[in-house]
Every structure is written in structure tokens, then in C-alpha cells.
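Let's walk through a protein model together, one chain at a time. Keep the sequence and the 3D view open while you read.

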Amino acid sequence: MLVNKENILKYIPQRAPFVMIDALIDANETSFESSFLIEQDNLFLADKCLSESALIENIAQTCAAGFGYVATQNGEEAGGMGFIGAISKLEVLGTAEVGNLIQTSIKVLSSFGTIHLIEGVARCNETDLLTCQLKIVLA
Amino acid sequence: MNRAEIIETTKRFLSEEFEVDPNTIEPENNLQETLDLSSLDYVDLVIVIEENLGFKPTAEDFKSVATFEDFYQMVEAKMAE
């Protein structure tokens, strides 16, 4: 693990109750991995299932943490603002419930300055829950 | 790849990717306007260039690109590296 729950806020701009990742497991220039335990008080629960929008946010926050962590490794600052510029190729394949651990993988497909095209997969128990591509703009 | 091959190849993949008439891709025409590129579209442009020409351009490479003629010169320079 690269960043634990106590330190993840140093790398993302979101704050409770909108934080949708717990830890950054791995990160390099082209890929990131995170984990997130769904707790009882999550704002995005409906009938104890986490909403699709929360999984998209989980993917976006994994990007924020990953880009932030890599930036600090290069001597730059982390925790800056970022925006989802576009969502494409979205597939919702399953749901996760309270108590499930979400494991998310990101692959950076392309970059142009501060704009990045990424492919994200959120999984639970080795089953894909949601996949999509996001255009992330780092401010 | 010589200039004629670069023009032929880029005309094909750019018109397919950005859904424009290949005849509008002329050296003197503005690349961004012709392809109707938003800033977000440039990450897609990077991908199709890498897939079709074998190199990954950066934002820096596009600083001197306004027309397709500029684009062809940038491609030639990158492919010569």
C-alpha cells in the first residue's frame, strides 16, 4: 500500500462525506489501484447497494490520488482540483453492498497536457462492477 | 514514410475518427477548426496518431501546429527522431 486511509486526503480534493476511496494501493505513470470499503453511512447507498454514480466517483478519485501521488514523487504538489470532462464506454455489470471492498484499477490511455483519457474498472470479489473511460482534466 | 504517404494516411484516419469529409483536410486548412476539436478531443487525437503513425505526440509538439501543413511537418520531424 502506498497511501493509507489516514493520509489519502493529502492526495485528493474531496472531503467527507464525498470521499470514495480509502487507500492507494499502487501507482505509476500509467496505472493506479485503490481500495474502498463500503460503510453503512455512505451517502450513495440505495437499499444497501452502492450507486453507479458512486463507482464512477470512485474511479475519478482513484485517478486524483494516483496522479497526485505520482506528482509528489516528481517533487510537485498533490491534492489539486480536477474535473471529469467526459464519460464514455460505460458498462454497469454489477452492484456492491455495505461491507464489500471495492478494488479499482486505472489505466492511463492517453495524455495531452493536463487532460488525461483513462480506462477504469471497479471490482468486488474479482468481479467487474463497472467499467468506463473518463476524460480527466487536472486544474 | 514520405510526405505523400503521411498525407494519405492521416487523411484517412483523421476523417474516420473525427467524422469529417476527407476533402476538407487540405494543407492550408486549420486543423482544429476542420476537425472541430475541443481541448478534450486532443487525447483522442494522440491515440489515433499513436495507432496509425507509431509515436505519441505531446502538447508541446502541437504548439507550432495550426494548419495541416504544420501538422505534416510535426509528423515528419517526430518520425525522423
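First, some ground rules. This is a predicted model, where local features need pLDDT of at least 70, side-chain atom pairs count only at pLDDT 80 or more, and totals for chains, interfaces and linings use all residues. Residues are numbered from 1 along each chain as its sequence is written, while chains are lettered from A and ligands numbered from 1 in the order in which they are written.

**Chain B**

Chain B has four helices and zero strands, giving the pattern α-α-α-α along the sequence. Helices (H or I, at least four residues) and strands (E, at least two) are DSSP runs, numbered from the N terminus. Along the principal axes, the C-alpha atoms of chain B fill a box of roughly 30 × 25 × 20 Å.

Two packed helices are described by the angle between their axes and the distance between the axes. Axes are lines fitted to C-alpha atoms (for helices, over the stretch in contact), and angles run from 0 to 180 degrees between N-to-C directions.

| Helix pair | Angle | Axis distance |
|---|---|---|
| H1(B) (residues 3-18) and H3(B) (residues 42-53) | about 140° | 11 Å |
| H1(B) and H4(B) (residues 68-80) | about 115° | 10 Å |

Which residues make the contact of H1(B) with H3(B)? They are Thr9(B), Phe13(B) and Glu17(B) of H1(B), plus Asp44(B), Val48(B) and Asn52(B) of H3(B). Residues are in contact if their C-beta atoms, placed from the backbone, lie within 7 Å.

For H1(B) and H4(B), the contact is made by Arg3(B), Ile6(B) and Ile7(B) on H1(B) and by Tyr72(B), Val75(B) and Glu76(B) on H4(B).

**Chain A**

Now for a sheet. Chain A has an open sheet of six strands in the order S1-S2-S6-S7-S8-S5, with antiparallel pairing. Strands pair if DSSP finds at least two bridges between them. S1 and S5 (82-92) of chain A stand at the edges with a single partner strand each, so one side of each is left without a neighbour in the sheet. From one strand to the next, the twist averages 25°.

S1(A) (residues 23-27) and S2(A) (residues 31-37) pair over four bridges, and they form a hairpin with three residues between them. Ala27(A) has Phe32(A) as its bridge partner in S2(A). Further along, S6(A) (residues 101-112) and S7(A) (residues 115-124) pair over 10 bridges; there, Ser105(A) is partnered by Val121(A) of S7(A).

Helix H1(A) (residues 52-73) packs on the sheet, touching S1, S2, S5, S6, S7 and S8 (127-138) of chain A, and its direction makes about 55° with that of S8(A).

**Where the chains meet**

H3(B) lies across S6, S7 and S8 of chain A, running at about 75° to S6(A). How many residues of chain B are in contact with chain A? Seven residues of chain B are in contact with 11 residues of chain A.

Methods
Two residues are in contact if their C-beta atoms, placed from the backbone, lie within 7 Å.
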